[in-house]
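Please keep the model open beside you while you read.

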Amino acid sequence: MKTYSKPISLILMGGFSESENQRLRETLKADEYVFATATDLYNCLDIAECHHPKAAILDFAAIEHNYLPIIQFLQLLQIPTIILSDDLARNMIQYLSLAGIFATLKKTNNQLELRRTVAIAAYPNAGSAMDSDSQMRNFNLGKLETGKHNKLQDVVNKAIGTAVSQMSEMIACEVEFEMPSSQALSPLFLHKNLIQTLGKNLVAVAQIDFHGNLSGSVQMLFSCEAADALVLALNGGGDVASEEFKQEKADIMGEIGNLAIGGIVGTFSNTLKYDLGYVVPHYIEGSVDEIFSAMNFNMRSTIILFMSHFKIIDFGVDGDFILFVQARLLLDLLFRV
């Protein structure tokens, strides 16, 4: 049985002709590499998002008109990006370096340098491959400082504000909330993040799954104790163990969720001009594991997570709005004029 000195790494090659792809494969041919190629720009970035290659090699001529958003998106995914071109001026090379490109190399007569650069990009910590892989799967949206990212954050802030306003009006109580934090991560890390934030105990959720130009999920989370307290305060009391109370809780939390998180989806749809559809929110209780397993995710996607903590002042009840969308939303925003 053949053994390998290093873990197998996926290398993405984008924008090259078939003959150039073949030349690059021959140049980089090694037991530890497998290759994915794409001539279409969106296909290239889809591969990057879904399969998280260890490094990307791009032809600058193919991305020249959109190079900055492409660089920014690959930075979000923390994929080291190598640009190949024979025609770049020195100031452009310097600019690309400042923008976050891992390396800029000549297309011709660079076989040895290309092999060395790809090896460094794919195996930054050759003695600690597992640690390197873990770091590569936990992405930091905060590192992406762009006007488009700020626009995305503004839309989320507006959506959460709308949800809080509608919930406050419905229950006739003051509601305070924090500006949403943001993070981009794989579904595996999302699951881990939710457990660290919420624990494994039972939580109460009003949830909307939406679809259309954009797919995602919005949750309004409470501890079960907080949901009970809110419903008791609204309906004047009751036996929390009774079936009647459980039904009232499901109805009330579903109605609050319909107004609050429906407002979030509506804000996204109206502000970004997306055609989004959803059904009336459903109310569920369960552990984080159970709730996560019911979420509508492509497990290969990168997920952007927004979380805002809120407090219903009069009742002393705390909860969280959590919004999940695929990173495609950010990519679409980066490419919008």
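1. In which helix is Asn21 found? Asn21 belongs to helix α1. Please keep in mind that this is a predicted model. With a relative accessibility of 1%, Asn21 counts as buried, because the cut-off for that class is under 20%. Leaving aside residues up to four places away in sequence, Asn21 touches Met13, Phe16 and Thr37.

2. A word on the chain as a whole. The chain has 337 residues, and 49% of them are buried. The secondary structure comprises 13 helices and 14 strands. If you take the contacts between residues at least 6 apart in sequence, 72% of them join residues at least 24 apart.

3. Back to helix α1, which covers residues 18-28. Helix α1 packs with α6 at an angle of about 75°, and their axes are 9 Å apart. The two helices are therefore roughly perpendicular to each other, since angles of 65 to 115 degrees fall in that class. On the α1 side the contact is made by Leu24, Thr27 and Leu28, which meet Gln111, Leu114, Arg115 and Val118 in α6. By type, the residues of this contact of α1 with α6 are four nonpolar, two polar and one charged.

4. Helix α10 (residues 224-235) packs with helix α11 (residues 243-272) at an angle of about 90°, with 10 Å between their axes. That angle makes α10 roughly perpendicular to α11. From α10, the residues in contact are Cys224, Ala227, Asp228, Leu230, Val231, Leu232, Leu234 and Asn235; their partners in α11 are Phe245, Glu248, Lys249, Ile252, Met253 and Ile256. Ten of the residues in this contact of α10 with α11 are nonpolar, one is polar and three are charged.

5. How many salt bridges does the structure hold? There are six. One of them joins the side chains of Asp59 and Lys107, with an N to O distance of 3.0 Å. This pair links distant parts of the chain, 48 residues apart: Asp59 lies in strand β3 (residues 55-59), while Lys107 lies in the loop between β5 (103-105) and α6 (111-122). Are these two partners buried or exposed? Asp59 is buried, at a relative accessible area of 6%, and Lys107 is buried too, at 16%.

6. Lys249 is buried, with a relative accessible area of 6%, whereas Glu285 counts as partly exposed at 37%.

7. Helix α11 holds another pair worth a look. Lys246 forms a salt bridge with Glu243, with 3.7 Å between the closest N and O atoms. Because Lys246 and Glu243 are three residues apart in helix α11, about one helical turn separates them. Lys246 counts as partly exposed, with a relative accessibility of 42%. Glu243 counts as exposed at 60%, since the cut-off for that class is over 50%.

8. Next, the cysteines. How many disulfides does the count give? The count comes to zero, because a disulfide needs a pair of cysteine sulfur atoms within 2.5 Å. Cys44 counts as buried at 5% relative accessibility, and Cys173 is buried with a relative accessible area of 7%.

9. Glu290 is partly exposed, with a relative accessible area of 48%. Along the chain Glu290 and Val203 are 87 residues apart, and their C-alpha atoms are separated by 10.0 Å.

Key
Residues numbered from 1 in each chain as written. Predicted model: local features only at pLDDT ≥ 70, side-chain atom pairs only at ≥ 80, totals over all residues. Heavy atoms only, no water. Buried < 20%, exposed > 50% of the residue type's maximum accessible area, 1.4 Å probe, protein only. Axes fitted to C-alpha atoms, helices over the stretch in contact; angles between N-to-C directions. Helix = DSSP H or I, 4+ residues; strand = E, 2+ residues; numbered from the N terminus. Parallel < 35°, antiparallel > 145°, perpendicular 65-115°, else oblique. Contact = heavy atoms within 4.5 Å. Nonpolar A, V, L, I, M, F, W, Y, C, P; charged D, E, K, R; others polar. Salt bridge = Lys/Arg side-chain N within 4 Å of Asp/Glu carboxyl O.
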